[in-house]
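Please examine the structure shown here, together with its sequence. The paragraphs that follow lead through it one topic at a time.

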Amino acid sequence: MYLKNALRAATAMTFVATAAAQADTLTIATVNNGDMIRMQGYTDKFTEATGIDVEWVTLEENVLRQRVTTDITTKGGQFDIMTIGMYETPIWGANGWLVPLDGLSDEYDVGDILPAMSGGLSHDGTLYAAPFYGESSMIMYRTDLMEKAGMEMPDAPTWEFIREAAAAMTDRDADINGICLRGKAGWGEGGAFITAMSNSFGARWFDEDWKPQFDQPEWADTLNFYVGMMNESGPAGYATNGFNENLSLFQQGKCGMWIDATVAASFVTNPTDSTVADSVGFALAPDTGLGKRSNWLWAWALAIPAGTEQADSAKQFIEWATSKDYIELVAENEGWANVPPGARTSLYENPDYQAVPFAKMTLDSILSADPNNPTVKPVPYVGIQFAAIPEFAGIATQVSQEFSAVYAGQQTVEEALAKAQAFTAEEMEAAGY
């Protein structure tokens with residue numbers, strides 16, 4: 001079965017027998033999450049069909065961002081393919097740091113990529129990274145604990161409901177936390193979560209003149225609500241919890257609710273890994289009634305750094321890993337619930353996938369995210385959980401560290417916001433905004 005799919009993919013993408021001569025080995029940097037690790041397990045099928053070997057450098061999310069950013073800005077040449085996202089791709093593409101993904105085969109069907117994903121991975125209409133999977137964020141919750149608490153989850157809840165439900169589901173004696181959320185420092189870890197949450201509270205990073213807004217009440221409202229709720233109903237040490245830590249807690253039955261990437265749905269409902277797989281429900285990320293929900297938009301995507309000498313072989317791998325045939329390969333061997341979600345329109349038109357319990361909520365969450373209008377008030381930037389400017393990653397990493405210090409009880413919300421305001425203003429002024 002594996003070989004059949006690999007050969008079919010090879011034929012569809014016109015792999016040729018001379019591929020081995022083009023490159024002996026591709027070095028790929030990627031993130032240590034379940035879908036990427038699953039892909040590594042199938043890579044030998046790509047090698048069998050092409051003769052191209054693959055070496056993986058698998059890193060924790062914050063470390064991956066640092067490594068690939070350093071490598072591409074210094075032209076280090078360590079990697080032939082990088083796993084990056086919607087923040088880096090348009091910026092790096094505009095700088096000429098990535099190989100354009102034009103000339104992909106007709107069988108690959110670029111037009112099948114969800115517009116929300118292709119748009120976020122393009123610059124001036126040119127695709128610079130192909131989405132391995134796309135995601136928004138949503139609520140994953142224990143239906144049994146919600147019922148025990150005498151409450152019913154709405155399809156589109158408010159933050160006040162979530163806080164109330166979290167308190168009702170918390171059982172410290174049984175080691176059950178009502179809610180698990182990211183607090184880990186890093187612009188793409190806890191920083192991504194609190195930024196998306198702040199949008200629903202009416203906050204924004206910058207006003208229309210690029211002036212930082214951490215001195216405004218909406219940011220104080222966001223952080224005070226988050227800290228209050230997590231201190232009441234969250235796990236101990238939540239200041240150091242990111243995606244993987246919260247995933248583990250939820251799978252062990254230690255979380256009543258978890259608001260995070262939609263891609264996690266397949267992991268929390270997989271009975272092999274999750275002790276609560278048969279009692280998980282889904283809902284849209286919360287709001288406060290201001291017209292913006294707290295869900296983000298992201299894709300983990302594969303891109304080719306401009307310095308590689310193996311661009312043709314790298315492009316072949318990207319076609320294989322992000323193709324319809326790869327999705328079918330996973331589906332046939334591991335079930336439709338475990339395929340990479342959120343990247344292709346055809347997946348959501350497939351009746352087999354439509355039967356997956358979280359498929360519709362994932363798509364609804366992705367479609368409801370608007371990176372061009374992410375906040376209640378107008379902003380000069382594009383991006384929901386980030387601002388798509390080169391300076392953002394450095395600034396937001398520092399700001400997220402200040403916020404994590406609040407979560408750890410090392411400073412107050414007021415102190416953190418004052419530091420965030422001063423630091424961001426200084427950096428933006430130095431950058432010429």
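The link of Cys-180 and Cys-255 is left-handed, with -85° about the S-S bond. In this pair, Cys-180 belongs to strand 8 (residues 177–180) and Cys-255 to strand 9 (residues 255–261), so that distant parts of the chain, 75 residues apart, are linked. A disulfide is here a pair of cysteine sulfur atoms within 2.5 Å, and by this rule the count comes to 1 disulfide. The S to S distance between Cys-180 and Cys-255 is 2.0 Å. Both Cys-180 and Cys-255 are buried, where buried means under 20% relative accessible area, exposed means over 50%, and partly exposed lies in between (1.4 Å probe, protein chains only).

The model is predicted: local features need pLDDT of at least 70, side-chain atom pairs count only at pLDDT 80 or more, and totals for chains, interfaces and linings use all residues. Residues are numbered from 1 along each chain as its sequence is written, and side-chain values use heavy atoms, with hydrogens and water left out.

The protein chain has 19 helices and 11 strands; helices (H or I, at least four residues) and strands (E, at least two) are DSSP runs, numbered from the N terminus. The radius of gyration of the protein chain is 21 Å, close to the 22 Å that the globule rule gives for 433 residues, so the chain is as compact as a globular protein of that length. This radius is taken over C-alpha atoms, and the globule rule is 2.2 Å times the number of residues to the power 0.38. Along its principal axes, the C-alpha trace of the protein chain spans about 60 × 55 × 30 Å. Of the 433 residues in the protein chain, 60% are buried. Contact means heavy atoms within 4.5 Å; among contacts in the protein chain between residues at least 6 apart in sequence, 75% join residues at least 24 apart. The accessible surface of the protein chain comes to about 16,300 Å², and 49% of this surface belongs to carbon and sulfur atoms. Accessible areas come from the Shrake-Rupley method with a 1.4 Å probe, and for residues only the protein chains shown count as cover.

Two helices can be considered next. Helix 3 (residues 34–50) has 17 residues and reaches 25 Å from its first C-alpha to its last, close to the 24 Å expected at 1.5 Å a residue. The expected span is 1.5 Å times one less than the number of residues in the helix. A kink of about 40° in helix 3 is centred on Gly-41, the bend at a residue being the angle between axes fitted to the seven residues ending there and the seven starting there. The buried residues of helix 3 include Met-36, Met-39, Tyr-42 and Phe-46. After helix 3 comes Gly-51, which has a positive phi, near 80°. Helix 13 (residues 311–321) is mostly covered, with 9 of its 11 residues buried; among them are Lys-315, Phe-317, Glu-319 and Trp-320.

Which residues other than glycine have a positive phi? One of them is Lys-75, with a phi of about 55°; another is Asp-124, with a phi near 50°. Most residues other than glycine have a negative phi. Lys-75 lies in the loop between helix 4 (61–73) and strand 3 (81–84), and its 74% relative accessibility is why Lys-75 counts as exposed. Asp-124 is in the loop between strand 4 (122–123) and strand 5 (126–127), and at 71% relative accessibility Asp-124 also counts as exposed.

Thr-222, in helix 10 (residues 217–233), counts as buried because its relative accessibility is 0%. Not counting residues up to four places away in sequence, Thr-222 touches Ile-194, Met-197, Ser-198, Phe-201 and Ala-203.

Val-276 lies in the loop between helix 12 (265–268) and strand 10 (280–284) and, at 5% relative accessibility, counts as buried. Although Val-276 and Arg-142 are 134 residues apart in sequence, their C-alpha atoms are 7.6 Å apart in space. Arg-142 is one of the residues that Val-276 touches, with neighbours up to four places away in sequence not counted; Phe-250, Gln-251, Gly-253 and Val-268 are also among them.

Ala-359 is in helix 17 (residues 359–368) and is buried at 3% relative accessibility. Leaving aside neighbours within four places in sequence, Ala-359 is in contact with Tyr-348 and Tyr-353.
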